Amino acid sequence: MTDTFEAKGKRKKLVAELRQKGITDEEVLRAIDTVPRHMFMDPAFLSHAYVDKAFPITSGQTISQPYTVAVQSSLLRVKRRDKILEVGTGSGYQAAVLVAMGAKVYTIERFRELFLKAQRTLTSMGYSADFFYGDGYEGKPQYGPFDGIVITAAAPEVPEALLKQLKTGGRLVVPLGSSDNQVMTVVERTGPETFEYSQHGNFIFVPMLKGTVNGK
Ligand code: SAH
């Protein structure tokens, strides 16, 4: 699959729509303008690639809504060469947006099938990231500490292990709450033992679950 003029045109419209919805981070908007979302979609939903909605992918999971990807990417305050850990690779779209913003991306997925597929997709498109099959609740301490950590699944509480993997000044972005409603939460590490919390609106994600799933 390749990028096309038609897809590029649809992305420009999507970016305009995201601006209207309040996204102001120019680096985030530029990344969304460049990453061909249609290449991350299930073939059944290909024609909806630039509709601002979440869509099903394999293993009962979803590709996040572009607005949600834009909000999470903005809240991370990514600078070029920042080390960012993503929990919940899914389709790999959010990871590609972060790579397009110049981040060094480490991403973990608990479904082996999705981990393999996302790795293939990004590699074939020339986006370089480090992919891991595993349980994101544990993070990747051996690659940390990170400038930012983004969880793209609904967490019932802040995973303690991940807070320890943040640099001082680093930010964890996580949708926190029950299965039917989460509050986008930023936890900033302000010192070795101090954390500041802020809230950024309501969202709905698939759940963050423990353990891994190997097989179809
Ligand atoms: N960032 C993705 C969104 C995927 S949906 C995208 O842009 O497409 C959330 C993903 O989180 C799912 O693929 C789900 O399997 C994964 N997930 C849930 N709990 C997890 C955990 N504990 N560790 C790693 N991945 C997890």
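A polar contact here is a pair of N or O atoms within 3.5 Å; within protein, one must be able to donate a hydrogen and the other to accept it, and residues adjacent in sequence count only if both atoms are side-chain atoms.

First, the ground rules. This is a predicted model, where local features need pLDDT of at least 70 and side-chain atom pairs count only at pLDDT 80 or more, while totals for chains, interfaces and linings use all residues. Residues are numbered from 1 along each chain as its sequence is written, and side-chain values use heavy atoms, with hydrogens and water left out.

Now the ligand. E86, S91, E109, G136 and L209 come nearest. G136 puts a backbone N or O atom 2.7 Å from a nitrogen of the ligand. For R110, a polar backbone atom sits 3.3 Å from a ligand nitrogen. On its own, the ligand has 580 Å² of accessible area (Shrake-Rupley, 1.4 Å probe), and the protein covers 99% of that.

Next, the inside. A nonpolar core is a set of buried Ala, Val, Leu, Ile, Met, Phe, Trp, Tyr and Cys residues joined through side-chain atoms within 4.5 Å. Buried means under 20% relative accessible area. The largest such core has 50 residues. I32, V35, F40, Y93, V97 and L98 have the most contacts inside it. V35 touches residues including R11, Y50 and Y127 (heavy atoms within 4.5 Å). A second, separate core has 20 residues, among them V87 and Y137.

Note on methods. Buried means under 20% relative accessible area, exposed over 50%, partly exposed in between (1.4 Å probe, protein chains only). A residue is near a molecule or strand if one of its heavy atoms lies within 4 Å of it. Lists of a residue's contacts leave out its neighbours within four places in sequence.
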